[in-house]
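I open this notebook to record what I looked up in one structure.

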Amino acid sequence: ISEIMLQQTRVEAVKGYYDRFLKALPSVTALANAEDEQLHKLWEGLGYYSRVRNLKKAARGIMEKHGGQFPRRYEDILALPGIGTYTAGAICSICYDEPTPAVDGNVLRVISRVIESRNDIAKDSTKKEMEELLLRVIPEDKPGEFNQALMEVGATVCIPRGEPLCGECPFNSLCLSRRRGTTGEIPVKTAAKARRIEERTVFLIHDGE
(Lines give C-alpha, C1' and ligand atoms only; values in the text may rest on other atoms or scores of the structure.)
Protein backbone atom coordinates (compact mmCIF):
# COMPACT_ATOMS: atom_id res chain seq x y z
CA ILE A 1 0.00 0.00 0.00
CA SER A 2 2.76 2.44 0.95
CA GLU A 3 4.73 1.84 -2.25
CA ILE A 4 1.66 2.48 -4.41
CA MET A 5 0.75 5.61 -2.43
CA LEU A 6 4.31 6.92 -2.74
CA GLN A 7 4.26 6.77 -6.54
CA GLN A 8 4.33 10.43 -7.69
CA THR A 9 3.64 11.58 -4.10
CA ARG A 10 5.84 12.87 -1.28
CA VAL A 11 6.29 10.91 1.95
CA GLU A 12 4.90 13.66 4.17
CA ALA A 13 1.73 13.85 2.11
CA VAL A 14 1.19 10.08 2.32
CA LYS A 15 1.56 9.39 6.06
CA GLY A 16 -1.97 10.35 7.14
CA TYR A 17 -3.56 8.60 4.17
CA TYR A 18 -1.60 5.42 4.87
CA ASP A 19 -2.77 5.22 8.50
CA ARG A 20 -6.42 5.88 7.61
CA PHE A 21 -6.35 3.40 4.74
CA LEU A 22 -5.00 0.54 6.87
CA LYS A 23 -7.44 1.22 9.70
CA ALA A 24 -10.36 1.11 7.28
CA LEU A 25 -9.07 -1.81 5.18
CA PRO A 26 -6.66 -3.86 7.33
CA SER A 27 -6.44 -6.96 5.11
CA VAL A 28 -6.31 -8.11 1.50
CA THR A 29 -9.84 -9.48 1.92
CA ALA A 30 -11.16 -6.14 3.14
CA LEU A 31 -9.52 -4.30 0.22
CA ALA A 32 -10.80 -6.82 -2.34
CA ASN A 33 -14.38 -6.43 -1.04
CA ALA A 34 -14.32 -2.66 -0.51
CA GLU A 35 -16.94 -0.50 -2.20
CA ASP A 36 -15.55 1.83 -4.86
CA GLU A 37 -17.10 4.83 -3.11
CA GLN A 38 -15.24 4.00 0.12
CA LEU A 39 -11.96 3.51 -1.76
CA HIS A 40 -12.20 6.84 -3.54
CA LYS A 41 -13.08 8.59 -0.28
CA LEU A 42 -10.01 7.11 1.43
CA TRP A 43 -7.85 8.14 -1.55
CA GLU A 44 -9.40 11.57 -2.05
CA GLY A 45 -6.68 14.20 -2.41
CA LEU A 46 -3.85 11.80 -3.34
CA GLY A 47 -4.61 12.01 -7.07
CA TYR A 48 -3.77 9.50 -9.81
CA TYR A 49 -6.93 7.54 -9.00
CA SER A 50 -6.02 4.68 -11.33
CA ARG A 51 -3.64 3.63 -8.53
CA VAL A 52 -6.43 2.87 -6.07
CA ARG A 53 -8.48 1.11 -8.75
CA ASN A 54 -5.48 -1.09 -9.50
CA LEU A 55 -5.00 -1.75 -5.77
CA LYS A 56 -8.47 -3.29 -5.62
CA LYS A 57 -7.82 -5.32 -8.79
CA ALA A 58 -4.54 -6.53 -7.30
CA ALA A 59 -6.26 -7.52 -4.04
CA ARG A 60 -8.82 -9.53 -5.98
CA GLY A 61 -6.06 -11.19 -7.96
CA ILE A 62 -4.28 -12.10 -4.70
CA MET A 63 -7.50 -13.64 -3.38
CA GLU A 64 -8.09 -15.65 -6.57
CA LYS A 65 -4.55 -16.75 -7.45
CA HIS A 66 -2.65 -16.71 -4.15
CA GLY A 67 -5.23 -17.70 -1.56
CA GLY A 68 -5.34 -14.23 -0.04
CA GLN A 69 -1.61 -14.22 0.78
CA PHE A 70 0.55 -11.52 -0.77
CA PRO A 71 2.96 -13.28 -3.17
CA ARG A 72 6.68 -13.41 -2.42
CA ARG A 73 8.10 -14.10 -5.89
CA TYR A 74 9.19 -11.09 -7.95
CA GLU A 75 7.45 -12.36 -11.09
CA ASP A 76 4.14 -12.87 -9.25
CA ILE A 77 4.30 -9.41 -7.69
CA LEU A 78 5.16 -7.83 -11.05
CA ALA A 79 2.09 -9.49 -12.57
CA LEU A 80 -0.27 -7.64 -10.19
CA PRO A 81 -2.17 -4.66 -11.69
CA GLY A 82 -0.48 -1.31 -11.11
CA ILE A 83 2.91 -2.75 -10.16
CA GLY A 84 5.96 -2.17 -12.34
CA THR A 85 9.59 -3.19 -11.97
CA TYR A 86 10.44 -0.43 -9.47
CA THR A 87 7.57 -1.22 -7.10
CA ALA A 88 8.09 -4.98 -7.40
CA GLY A 89 11.80 -4.54 -6.69
CA ALA A 90 11.14 -2.31 -3.69
CA ILE A 91 8.63 -4.74 -2.17
CA CYS A 92 10.82 -7.80 -2.72
CA SER A 93 13.97 -6.20 -1.33
CA ILE A 94 12.46 -4.32 1.62
CA CYS A 95 9.86 -6.89 2.71
CA TYR A 96 11.45 -10.19 1.69
CA ASP A 97 15.20 -9.44 1.56
CA GLU A 98 15.38 -10.47 -2.10
CA PRO A 99 18.32 -8.90 -4.02
CA THR A 100 16.15 -7.09 -6.58
CA PRO A 101 16.98 -3.52 -7.66
CA ALA A 102 14.40 -0.74 -7.28
CA VAL A 103 15.19 1.91 -9.87
CA ASP A 104 13.13 5.09 -9.65
CA GLY A 105 13.92 8.62 -10.81
CA ASN A 106 16.14 9.28 -7.80
CA VAL A 107 18.19 6.14 -8.33
CA LEU A 108 18.49 6.80 -12.07
CA ARG A 109 19.93 10.23 -11.31
CA VAL A 110 22.42 8.96 -8.71
CA ILE A 111 23.77 6.10 -10.82
CA SER A 112 23.87 8.21 -13.99
CA ARG A 113 26.08 10.74 -12.21
CA VAL A 114 28.27 8.16 -10.48
CA ILE A 115 29.15 6.44 -13.77
CA GLU A 116 28.73 9.64 -15.86
CA SER A 117 26.18 8.01 -18.13
CA ARG A 118 24.74 10.19 -20.87
CA ASN A 119 22.03 7.70 -21.77
CA ASP A 120 18.53 9.20 -21.79
CA ILE A 121 16.85 8.34 -18.45
CA ALA A 122 13.44 8.80 -20.08
CA LYS A 123 14.04 5.62 -22.09
CA ASP A 124 13.08 2.17 -20.78
CA SER A 125 16.34 0.79 -22.15
CA THR A 126 18.33 3.06 -19.81
CA LYS A 127 16.30 1.94 -16.79
CA LYS A 128 16.84 -1.69 -17.80
CA GLU A 129 20.58 -1.08 -18.10
CA MET A 130 20.70 0.48 -14.62
CA GLU A 131 18.76 -2.46 -13.14
CA GLU A 132 21.28 -4.88 -14.66
CA LEU A 133 24.23 -2.85 -13.30
CA LEU A 134 22.74 -2.79 -9.79
CA LEU A 135 22.03 -6.53 -9.88
CA ARG A 136 25.80 -7.08 -9.94
CA VAL A 137 26.47 -5.09 -6.78
CA ILE A 138 23.32 -5.26 -4.63
CA PRO A 139 24.25 -6.99 -1.33
CA GLU A 140 22.35 -10.23 -0.75
CA ASP A 141 22.28 -9.75 3.01
CA LYS A 142 20.82 -6.19 3.01
CA PRO A 143 19.15 -5.47 -0.33
CA GLY A 144 16.33 -3.41 1.18
CA GLU A 145 18.70 -1.12 3.04
CA PHE A 146 20.82 -0.76 -0.10
CA ASN A 147 17.82 0.27 -2.23
CA GLN A 148 16.46 2.65 0.40
CA ALA A 149 19.90 4.23 0.82
CA LEU A 150 20.14 4.91 -2.93
CA MET A 151 16.65 6.44 -2.94
CA GLU A 152 17.53 8.61 0.06
CA VAL A 153 20.76 9.86 -1.52
CA GLY A 154 18.78 10.84 -4.61
CA ALA A 155 16.05 12.56 -2.59
CA THR A 156 18.26 14.52 -0.18
CA VAL A 157 21.83 14.80 -1.56
CA CYS A 158 22.01 14.13 -5.31
CA ILE A 159 18.95 16.32 -5.78
CA PRO A 160 17.01 16.84 -9.03
CA ARG A 161 16.94 20.66 -9.02
CA GLY A 162 19.81 22.88 -8.01
CA GLU A 163 23.39 21.91 -7.21
CA PRO A 164 23.88 18.40 -5.77
CA LEU A 165 25.39 18.37 -2.26
CA CYS A 166 28.53 16.54 -3.33
CA GLY A 167 30.38 17.33 -0.11
CA GLU A 168 27.81 15.25 1.84
CA CYS A 169 27.56 12.40 -0.64
CA PRO A 170 28.76 8.88 0.28
CA PHE A 171 29.70 8.39 -3.39
CA ASN A 172 31.91 11.51 -3.36
CA SER A 173 35.16 9.65 -4.07
CA LEU A 174 33.61 7.40 -6.74
CA CYS A 175 31.44 9.81 -8.71
CA LEU A 176 32.78 10.48 -12.19
CA SER A 177 30.41 13.42 -12.76
CA ARG A 178 31.67 15.17 -9.61
CA ARG A 179 35.29 14.51 -10.58
CA ARG A 180 34.80 15.86 -14.11
CA GLY A 181 32.42 18.69 -13.25
CA THR A 182 29.50 17.35 -15.27
CA THR A 183 26.80 17.06 -12.57
CA GLY A 184 24.92 19.94 -14.21
CA GLU A 185 24.73 18.04 -17.51
CA ILE A 186 23.72 14.65 -16.07
CA PRO A 187 21.29 12.96 -16.04
CA VAL A 188 20.25 13.42 -19.65
CA LYS A 189 16.50 13.48 -20.20
CA THR A 190 14.65 14.35 -23.38
CA ALA A 191 12.03 17.05 -23.00
CA ALA A 192 8.42 15.94 -23.20
CA LYS A 193 6.72 16.78 -26.49
CA ALA A 194 4.44 19.81 -26.38
CA ARG A 195 0.76 18.91 -26.36
CA ARG A 196 -1.02 19.54 -29.63
CA ILE A 197 -4.33 21.35 -29.28
CA GLU A 198 -6.93 20.63 -31.93
CA GLU A 199 -10.36 22.20 -32.41
CA ARG A 200 -13.29 19.90 -33.05
CA THR A 201 -17.01 20.38 -33.65
CA VAL A 202 -19.17 17.99 -31.64
CA PHE A 203 -22.84 17.20 -32.34
CA LEU A 204 -24.93 15.95 -29.44
CA ILE A 205 -28.16 14.39 -30.67
CA HIS A 206 -31.14 13.87 -28.34
CA ASP A 207 -33.75 11.30 -29.34
CA GLY A 208 -36.57 11.23 -26.79
CA GLU A 209 -34.96 10.33 -23.46
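Entry 1: Helices (H or I, at least four residues) and strands (E, at least two) are DSSP runs, numbered from the N terminus.

The model is predicted: local features need pLDDT of at least 70, side-chain atom pairs count only at pLDDT 80 or more, and totals for chains, interfaces and linings use all residues. Residues are numbered from 1 along each chain as its sequence is written, and side-chain values use heavy atoms, with hydrogens and water left out.

I then asked how many residues of α8 are buried. Eight of the 10 residues in α8 (residues 105-114) are buried, so the helix is largely enclosed by the rest of the structure. Buried means under 20% relative accessible area, exposed over 50%, and partly exposed in between (1.4 Å probe, protein chains only). Among the buried residues I noted Val-107, Leu-108, Arg-109 and Arg-113. Their cover includes α9 (124-137), α10 (143-156) and α11 (176-180). Just after α8, I found Glu-116 with a positive phi of about 50 degrees.

**Entry 2: Arg-51.** I located Arg-51 in helix α5 (residues 50-66). Arg-51 is buried yet has no salt bridge, and the nearest side chain of opposite charge, Glu-3, is 9.7 Å away. For charge, Lys and Arg count as positive and Asp and Glu as negative; His and the chain ends are not counted. A salt bridge requires a side-chain nitrogen of Lys or Arg within 4 Å of a carboxyl oxygen of Asp or Glu.

Which backbone oxygens does the side chain of Arg-51 reach? It reaches that of Ile-4 at 3.1 Å, and a polar atom of the Arg-51 side chain lies 3.1 Å from the backbone oxygen of Gly-47. Leaving out residues up to four places away in sequence, I listed the contacts of Arg-51 (heavy atoms within 4.5 Å); they include Met-5, Leu-6, Trp-43 and Leu-46.

**Entry 3: salt bridges.** My search of the whole structure gave nine salt bridges. One of them pairs the side chains of Glu-12 and Lys-15, at 3.0 Å from N to O. These two residues are three apart in helix α2 (residues 11-24), so about one helical turn separates them. Glu-12 is exposed at 55% relative accessibility, whereas Lys-15 is partly exposed at 45%.

Arg-196 and Glu-198 form another, with closest N and O atoms 2.9 Å apart. Arg-196 is exposed at 71%, and Glu-198 is partly exposed at 39%. Shared partners join Arg-73, Glu-75 and Asp-76 into one salt-bridge network.

**Entry 4: cysteines.** How many disulfides does the whole structure hold? I found zero disulfides, the criterion being a pair of cysteine sulfur atoms within 2.5 Å. For Cys-158, the nearest cysteine sulfur belongs to Cys-169, 6.0 Å away. Cys-158 is buried, with a relative accessible area of 9%. For Cys-175, the nearest is that of Cys-166, at 6.2 Å. Cys-175 also counts as buried, at 10% relative accessibility.

Technical notes:
Polar contact = N/O pair within 3.5 Å; in protein donor to acceptor, adjacent residues only side chain to side chain.
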